[in-house]
Amino acid sequence: MHWKSRILHSTPTVPTGFNSFATPVYRGSTILLGSMANAHDEWHMERGWNYGLYGTPTALELGARIAAMEGARHTFLAPGGQAAISLIYLSFCKSGSHALVPFNAYGPNRHLAGDLLRGLGIEVEAYDPMIGSEIASLVRPNTSLIWCESPGSVTMEIQDVTAIVVAAHERGVTVALDNTYAAGVLLDAFAMGVDVSMQALTKYIGGHSDLLLGSVSVNTEAAYRAVGSTHQQIGMAVSPDDCSLALRGLQTLAVRLEKLEASTLEIARWCAEQAEIETVLHPAMESCPGHEFWKRDFTGSSSIFSMVFDRRYSPEQVNRFVDSLKMFGIGWSWGGTHSLAMAYPGLERPTGDYAGRIVRLNVGLEEPVDLIEDLRAAMVLALV
Ligand SMILES: Cc1ncc(COP(=O)(O)O)c(C=O)c1O
């Protein structure tokens with residue numbers, strides 16, 4: 001064979017005797033089938049290698065580990081948390097469906113609901129996250145999905161997920177939970193009866209602010225079929241390189257979560273003692289709405305909380321406070337190694353007046369003493 005052909009037709013083999021803790025990155029759009037007998041075009045959700053879009057060994061290994069952590073039957077992967085959210089809507093809603101989403105849900109979830117989904121004839125209604133069993137009054141004959149996000153984004157309300165699940169299941173409605181805050185482990189979604197648990201793996205599983213990935217975990221056969229079929233029809237491919245980073249992140253998840261919980265609590269308690277702060281919204285603190293449900297349902301807390309500045313401060317002063325921080329970077333997202341801060345001058349909440357006074361902190365792996373000093377210095381500089 002000419003070398004130009006030979007170089008293309010070398011046969012890579014899996015080495016024997018080479019064992020590593022790392023899952024290899026298996027790249028492949030085409031998967032060699034060997035014979036026409038193996039060529040088929042029906043889809044697979046498990047290990048029936050067919051085409052790279054339907055899974056590589058690296059992606060399926062990550063899915064299997066997330067499923068094991070969450071106690072799920074199966075975990076599907078998506079290119080990001082927001083993609084996982086879209087996948088859930090498209091799996092359970094069709095034109096004419098009604099869905100319910102808490103008004104404090106992740107902003108792009110509500111944006112998707114109000115724009116693209118509305119255009120498809122899917123009506124998504126916002127509800128008060130503290131509604132509990134009263135959600136029953138909002139369920140209509142065409143309600144096909146109820147979202148929970150606990151704690152909610154920025155204002156951190158903890159929901160009575162159990163009461164919502166009971167009311168939903170009495171009416172045959174699927175319940176999906178954004179379980180990102182709990183990293184899929186600090187809240188046992190399936191033990192509480194939730195049908196679908198999603199995570200932005202971007203946050204705690206990735207853990208280093210360098211990848212975007214999402215997961216959708218299911219426990220029932222019906223949810224498995226619904227999500228699996230949609231996942232494949234819309235072609236939600238994930239990169240095996242990203243999956244390998246997430247697999248590496250999983251190895252240090254437990255120690256990172258422990259350290260983040262301790263540091264975040266120390267900083268949140270310090271904030272609560274400052275005269276400049278009206279209230280601190282941290283799920284493990286009594287001042288957080290729904291704290292009783294956190295005590296009942298969660299086995300720990302993680303790295304984000306919000307603080308609300310006293311009414312005497314203007315939104316400009318609060319922005320200046322964030323601008324004055326040296327160790328907390330200004331940026332979206334959370335769950336990584338570095339601390340972040342974000343002010344929300346345009347926060348929209350029907351029940352609260354926190355807009356312009358609320359700052360969400362994501363605590364990283366720096367020493368809390370340094371972070372507290374940074375917060376103290378920024379308060380002195382900005383709030384004069
Ligand atoms: C609660 C929550 N869910 C979902 C997402 C979306 O994740 P991603 O950024 O991976 O799309 C985010 C991102 O900030 C989030 O905060």
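In the predicted model, Lys203 touches Thr180, Ser333, Trp334 and Gly335, leaving aside residues up to four places away in sequence. Lys203 lies in the loop that joins β6 (196–200) to β7 (214–218). With a relative accessible area of 11%, Lys203 is buried, because this value falls under the 20% cut-off. An unreviewed UniProt entry annotates Lys203 as "modified residue: N6-(pyridoxal phosphate)lysine".

Helix α5 spans residues 161–170, and its buried residues are Val161, Ala163, Ile164, Val165, Ala167 and Ala168. After α5 comes Gly172, which has a positive phi near 70°.

Packing between helices was examined for α7 and α10. Two packed helices are described by the angle between their axes and the distance between the axes. For α7 (residues 240–272) and α10 (residues 368–382), the angle is about 30° and the axes are 10 Å apart. The angle is under 35 degrees, so α7 counts as roughly parallel to α10. The crossing of α7 past α10 is right-handed. On the α7 side, the contact is made by Lys259, Ser263, Glu266, Ile267, Trp270 and Cys271; α10 contributes Pro368, Leu371, Ile372, Leu375, Arg376 and Met379. Of the residues in this contact, eight are nonpolar, one is polar and three are charged.

Conventions. Residues numbered from 1 in each chain as written. Predicted model: local features only at pLDDT ≥ 70, side-chain atom pairs only at ≥ 80, totals over all residues. Heavy atoms only, no water. UniProt positions renumbered as here; feature names shortened; annotations may be inferred. Helix = DSSP H or I, 4+ residues; strand = E, 2+ residues; numbered from the N terminus. Buried < 20%, exposed > 50% of the residue type's maximum accessible area, 1.4 Å probe, protein only. Contact = heavy atoms within 4.5 Å. Axes fitted to C-alpha atoms, helices over the stretch in contact; angles between N-to-C directions. Parallel < 35°, antiparallel > 145°, perpendicular 65-115°, else oblique. Left-handed = near helix turned anticlockwise from the far one by under 90°. Nonpolar A, V, L, I, M, F, W, Y, C, P; charged D, E, K, R; others polar.
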